[in-house]
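Dear colleague,

I am handing over the structure we spoke about, and I would be glad if you kept it open while reading the notes below.

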Amino acid sequence: SPPHIVKQGSGAKIECSHDDSSLIMMLWYQQRTAGSPLTLIAYGYENLPSYEDDFKREFTLTRNSPVNGALVISRAKQSHSAVYFCAASTHVNYDPAFFGSGTRLTVLENGISVQEPKVELLQPSPNECQNQKSNVRKKTLVCLATGFYPDHVDVSWEVNGVKVSDGVATDSAALRDGDHYKISSRLRVESKLWFTPTTMFKCIVGFY
């Protein structure tokens, strides 16, 4: 299911579905930070969920059918902010489990409202030095997105309406800046492309 943003104390429901009725076991995992290990929350057949001790008081598994289920949080709190993964299997221990792509849940901090980013595109410095490795002069454009909350953003670049990835370097994660976040991305292009008057550069910041 898509990313969820909820207020503290409100409910949250993360849904999961698949199309193989032989995968009757559904498992749910929590990942608190990017790259960290997955922690098992609970698993179960259609009507027999089993919870890990750290989660059984705050999470509930529901199943409408062997191929549909949900993870329910009755009263969300900050510690519930994480990415949640659903997996399906025929058994809990030894058969392969098939994972979904994960659903991000963000529980808003008290007193901070959702705020869209302000985006600024900075032109290259006229004094930018020559690239010594390729002996080709390069120019670097910088895209700044600031003042947003929560940190649900992605950044991409287009040149003349075509998405590009070569020469792009984006911060690995948004940085906290007071009550909000900021992120930067850089696009490095050949000097002749920058000086071509008809070239159109666009930085796209998605906020979700």
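Predicted model: local features only at pLDDT ≥ 70, side-chain atom pairs only at ≥ 80, totals over all residues.

Disulfides

A search of the whole structure finds two disulfides, and, with the bonded cysteines counted along the chain, they follow the pattern 1-2, 3-4. One of them joins Cys16 to Cys86, with an S to S distance of 2.0 Å. The link is left-handed, with -70 degrees about the S-S bond, and both Cys16 and Cys86 are buried.

The other disulfide joins Cys143 to Cys203, again with S to S given as 2.0 Å. Here Cys143 sits in strand β12 (residues 138–148) and Cys203 in strand β18 (residues 201–207), so the parts tied together are 60 residues apart in sequence. This link, too, is left-handed, with -75 degrees about the S-S bond. Cys143 has a relative accessible area of 2% and is buried, and Cys203, with a relative accessible area of 15%, is buried as well.

A buried glutamine

The side chain of Gln30 makes a polar contact of 2.9 Å with the side chain of Tyr84. When neighbours within four places in sequence are left aside, the residues in contact with Gln30 include Pro37, Leu38, Ile41, Phe55, Phe59, Val83 and Tyr84.

Salt bridges

Side chains of opposite charge can pair when their charged atoms come close. The count for this structure comes to six salt bridges, and three of them are described here.

In one, the side chains of Lys56 and Asp53 meet at 3.5 Å, N to O; Lys56 is partly exposed, at 45% relative accessibility, whereas Asp53, at 57%, counts as exposed.

In another, the side chains of Glu58 and Lys77 meet at 2.6 Å, N to O. This pair links distant parts of the chain, with Glu58 in the loop between β5 (48–51) and β6 (59–65) and Lys77 in the loop between β7 and β8, 19 residues apart. Glu58 is partly exposed, with a relative accessible area of 27%, and Lys77 is partly exposed, with 35%.

A further salt bridge is formed by Arg176 with Glu109, whose closest N and O atoms are 2.8 Å apart. This pair also links distant parts of the chain, since Arg176 lies in strand β16 (residues 175–177) and Glu109 in the loop between β10 (103–108) and β11 (118–122), 67 residues apart. Arg176 counts as partly exposed at 37% relative accessibility, and Glu109 is partly exposed with a relative accessible area of 23%.

Conventions: Residues numbered from 1 in each chain as written. Heavy atoms only, no water. Polar contact = N/O pair within 3.5 Å; in protein donor to acceptor, adjacent residues only side chain to side chain. Contact = heavy atoms within 4.5 Å. Disulfide = S-S within 2.5 Å. Buried < 20%, exposed > 50% of the residue type's maximum accessible area, 1.4 Å probe, protein only. Helix = DSSP H or I, 4+ residues; strand = E, 2+ residues; numbered from the N terminus. Salt bridge = Lys/Arg side-chain N within 4 Å of Asp/Glu carboxyl O.
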